[in-house]
Amino acid sequence: MRKNSSSSLFLMELIIAILFFSLASTVCIQLFVKAHLLTEKSVNINQSILWTQNLAEGFLNSNGDLAGMKELFDEKSELGEDHISLYFDSDWNPVAAGTDSARYEVKLQLTGTDTSLVTAQIVSTDLKQTAETEPVYSLTVDKFVGNGGAL
C-alpha cells in the first residue's frame with residue numbers, strides 16, 4: 001500500500017510540473033506574438049515617416065508643382081489634379097496604383113494655394129484597414145513660392 005501512495009504522489013507532482021510549464025509556455029508565446037506585432041507596427045510607422053518626408057522634400061524642391069514631383073518619383077506614382085499618390089506592398093516596395101498587392105498609400109493633397117504660399121497635407125494610410133481608421137502618419141507642408149510660383 002505504501003508503494004501505491006508514493007507513486008500517486010509522484011504522478012501528482014509530475015502533473016503539477018507539466019501544468020506549470022504549459023502555463024509558462026503560454027505566457028511566453030503571447031509575449032513573442034505581442035513583440036512581433038509591435039515590431040511590425042514600428043516598421044510601418046518608420047516607413048510611413050520616411051516616405052512622407054520624401055514627398056515633403058519633393059514638394060519643397062519642386063516649389064509645389066505636382067508635375068515636377070512626378071518626375072522625382074518613379075512611374076508607379078499616381079498624379080491627379082490636386083494630389084500625387086504613392087502605393088506600396090506589405091514590405092513597403094513601390095507598386096502600381098490599383099493593384100491587389102497595394103497595402104499602403106502615401107498621398108500628398110494640395111490643401112491651399114495662394115499666389116505666394118502653397119500648402120499640402122501628406123497622409124500615409126493602411127489600405128487594408130477599415131475606412132474609419134486613423135492614418136499611420138500625417139504631415140502638413142507649406143512652401144512660400146513668392147510671385148514666381150508654379151501655381
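## Aromatic cluster

Trp-51, Phe-88, Trp-92 and Tyr-104 come together as one aromatic cluster. Rings here are those of Phe, Tyr and Trp (its six-membered ring), and they pair if their centres lie within 6.5 Å; planes under 30 degrees apart count as stacked, over 60 as edge-to-face and the rest as tilted. A word on the source: this is a predicted model, where local features need pLDDT of at least 70 and side-chain atom pairs count only at pLDDT 80 or more, while totals for chains, interfaces and linings use all residues. Residues are numbered from 1 along each chain as its sequence is written, and side-chain values use heavy atoms, with hydrogens and water left out.

## Ring pairs

The ring-pair rule gives a count of 4 aromatic pairs. Phe-20 and Phe-21 make an edge-to-face pair because their ring centres sit 5.5 Å apart with the planes at 65 degrees. Both Phe-20 and Phe-21 are exposed, meaning over 50% relative accessible area, whereas buried means under 20% and partly exposed lies in between (1.4 Å probe, protein chains only).

Then there's Trp-92 with Tyr-104, a stacked pair at 4.3 Å centre to centre and 10 degrees between the planes. This one links distant parts of the chain: Trp-92 belongs to the loop between β2 and β3 (94–95), Tyr-104 to strand β4, and they're 12 residues apart. Trp-92 and Tyr-104 are both buried.

## Strand pairing

Now for the strands. Helices (H or I, at least four residues) and strands (E, at least two) are DSSP runs, numbered from the N terminus, and two strands pair if DSSP finds at least two bridges between them. Strand β4 (residues 104–113) runs antiparallel to strand β5 (residues 117–126), with 9 bridges joining them. A hairpin takes the chain from β4 to β5 through 3 residues, and Gly-112 has Thr-119 in β5 as its bridge partner.

On from there, β5 also pairs with strand β6 (residues 137–144), antiparallel again, over 8 bridges. Here Ile-122 stands opposite Leu-139 in β6. As for β4, it pairs with strand β2 (residues 83–88) in the antiparallel sense over 6 bridges, and Tyr-87 faces Glu-105 of β4.
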